[in-house]
Amino acid sequence: MRNVTKDNITDAFLGYIGKDTDPRLREVLAALARHLHAFVKEVDLTHAEWEKGIEMLEWAGEISDKERHEMVLLSDLLGVSSLVDMVNTVPGGTSSSVLGPFHISGAPPIPLGFDMKRHYPGKVLLAQGVVRDIEGVPIQDATIDIWQTAPNGLYSSQDPEQDTYSFHGIQTVGADGRYAFTTIKPVSYEVPTDGPGGALLYATKRHAWRPSHLHFIVKAEGYRTLVSEIFAADDPYLDQDAVFGVREDLVMHYQDMPAGTFPNQGFDLSGKVEGSWLKVDFDLTLVREDD
Ligand code: BEZ
Ligand code: FE
């Protein structure tokens with residue numbers, strides 16, 4: 001097109017897409033261009049603002065590496081990651097929620113009843129539940145990849161004081177679908193603020209806090225993989241998660257358990273917990289791949 005104007009530039013872009021382009025790629029790119037062009041026109045974007053946006057993206061690229069994924073953080077802070085979760089959620093299963101940038105692959109297998117708390121201070125938290133399908137039938141051999149922060153609010157990849165896989169582990173459930181482990185109560189923490197994600201929060205007077213949570217990825221053959229997290233009902237940031245990850249069905253309640261009631265078998269800590277402890281029961285529901 002020779003006489004490109006602000007009224008025909010979107011059609012010009014669509015016209016440039018080659019005939020043999022993958023149809024889904026065409027659909028996604030065409031919609032992206034329509035929305036981006038409409039956005040520029042709606043806000044009368046200035047050159048300075050456009051440059052600022054490009055600078056933010058370049059900064060995100062510079063600050064990212066194998067362990068730091070600033071583009072993911074920007075997507076999280078803008079609510080895009082959560083929206084992608086929501087449009088891909090199939091009713092009936094446990095809601096999915098943001099993966100976040102701190103999952104590490106290769107976590108060690110942990111047996112049923114494993115203790116992730118180890119020498120860390122604080123009350124023992126026993127977390128357990130059943131992995132089921134939407135009819136309520138336990139799913140044998142499902143795996144649960146679990147990760148959380150240490151009591152200082154840092155993931156192992158952020159904290160030189162921790163071993164690589166501290167507070168990380170993968171448990172495989174048996175015929176009853178049951179998972180169970182002990183850990184400590186997760187804490188609220190701030191997402192990293194030393195990059196463009198932080199600049200975005202600062203400029204818009206937002207805080208960086210996430211309510212306390214336990215992350216997990218549940219996999220089972222024939223089922224959709226579930227990436228999610230569970231949150232504590234009493235957390236002060238539950239209604240203002242910086243990355244929009246909270247869903248009603250992901251809110252759990254800690255039960256305060258009196259001293260002397262910790263199960264005397266089935267856990268690494270059986271026979272070793274003297275004081276009061278915390279318990280959370282949380283079942284996880286997977287939907288079939290073809291649902
Ligand atoms: C997290 O929960 O690990 C997380 C999620 C999104 C952004 C930063 C951290
Ligand atoms: Fe997290």
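Residues are numbered from 1 along each chain as written. In this predicted model, local features need pLDDT of at least 70 and side-chain atom pairs count only at pLDDT 80 or more.

Student: Which residues coordinate the iron ion (ligand 2)?
Tutor: Donors are N, O and S atoms within 2.8 Å of the metal (3.2 Å for Na, K and Ca). Here the distances run from 1.8 to 2.1 Å. The residues are Y155 (OH), Y189 (OH), H213 (NE2) and H215 (NE2).

Student: Why does the pair Y155 and H215 tie together parts that are apart in sequence?
Tutor: In sequence the donor residues are spaced Y-x33-Y-x23-H-x1-H. Y155 lies in the loop between strand 3 (143–147) and strand 4 (168–172), whereas H215 lies in strand 8 (residues 213–219), so the parts they tie together are 60 residues apart in sequence. Strands here are DSSP runs (E, at least two residues), numbered from the N terminus.

Student: Are Y155 and H215 buried or exposed?
Tutor: Buried means under 20% relative accessible area, exposed over 50%, and partly exposed in between (1.4 Å probe, protein chains only). Both Y155 and H215 are buried.

Student: How much of the accessible area of ligand 1 does the protein cover?
Tutor: A polar side-chain atom of R210 lies 2.6 Å from an oxygen atom of ligand 1, and one of Y155 lies 3.3 Å from an oxygen atom of ligand 1. On its own, ligand 1 has 270 Å² of accessible area (Shrake-Rupley method, 1.4 Å probe). The protein covers 100%.

Methods. Chains lettered and ligands numbered in written order. Heavy atoms only, no water. Helix = DSSP H or I, 4+ residues; strand = E, 2+ residues; numbered from the N terminus. Polar contact = N/O pair within 3.5 Å; in protein donor to acceptor, adjacent residues only side chain to side chain.
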